[in-house]
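Colleague: I am new to this structure and would like a close look at one part of it, the cavities and what surrounds them. Please go through that part slowly and define the terms as they come up.

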Amino acid sequence: MTAGDAVGEPRFVSDLLFTDGLPQMDDEVGYRGAQAARAAGITYRQLDYWARTELVEPTVRGASGSGSQRLYGFRDILVLKLVKRLLDTGISLQQIRTAVEQLRAAGIRDLAGTTLMSDGASVYLCTSNDEVIDLVSRGQGVFGIAVGKVLREVESTLVEFDATTPDPVDELAARRSRRSA
């Protein structure tokens, strides 16, 4: 979700004074695919498919051939969990792709104050109470997913996982050099 971010500015800005053991939101810290899938409540197969189809790609490190591992950042895992929630409510993958593109295009810094709303056919990105009220007042049945609540769930899940900082050396190259030594 870097579309709206300024050039040269870190993607994640944390205003927390104390983290209480919560995972760092750092560009260089990532979680392996199995950890990301488990934290998001999805299967590794779904994770792999969504990465290959560019629905949710890892921002810390993408796969670069055989032997390399993707590393997912905190926000990647948050988006994975949001996609899972939307799928669980019956939203089509096509509509979810549109919602993920909206999130990326909006470049929203304060995800905790964002609500994803849906009428079952479309997904709407609401960043204020007025937008939520406007959508509800149309008289259609809608449901919402408070991104802040999902964000806290992901944070608490990731506390038990070890984050990985990618090495500048490709993992496959490192394995080959160990074998030849």
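Modeller: There are 2 cavities of 30 Å³ or more. A cavity here is a set of points, on a 1 Å grid over the protein atoms alone, where a 1.4 Å probe fits but cannot get out, and lining residues have an atom within 4 Å of a point. Grid points are joined across faces, edges and corners, and a volume is the space filled by probe spheres set on the points. This is a predicted model, in which local features need pLDDT of at least 70 and side-chain atom pairs count only at pLDDT 80 or more, while totals for chains, interfaces and linings use all residues. Residues are numbered from 1 along each chain as its sequence is written, and side-chain values use heavy atoms, with hydrogens and water left out.

The second largest cavity holds about 30 Å³ of space. Its lining is made up of V79, L82, V83, L86, A99, V100, L103 and L116. Two elements, α3 and α4, each give two or more residues to this lining, and α3 gives the most, with 4 residues. Helices are DSSP runs of H or I of at least four residues, strands are runs of E of at least two, and both are numbered from the N terminus. By class, the lining has 8 nonpolar, no polar and no charged residues. Nonpolar covers Ala, Val, Leu, Ile, Met, Phe, Trp, Tyr, Cys and Pro; charged covers Asp, Glu, Lys and Arg; the others, Gly among them, are polar.

The largest one has 35 residues, of which I77, L78, L80, L82, V83 and L158 touch the most other members. At least two residues each come from α1 (33-40), α2, α3 (74-88), α4 (93-106) and α6 (147-158), and the largest share, 8 residues, is from α3. Leaving aside neighbours within four places in sequence, L78 is in contact (heavy atoms within 4.5 Å) with L111, V147, V150, L151 and V154.

Notes. Core = buried A, V, L, I, M, F, W, Y, C linked by side-chain atoms within 4.5 Å. Buried < 20%, exposed > 50% of the residue type's maximum accessible area, 1.4 Å probe, protein only. 1 Å grid on protein atoms, 1.4 Å probe; cavity = no way out; pocket = protein on both sides within 12 Å on 5 of 7 lines; lining within 4 Å.
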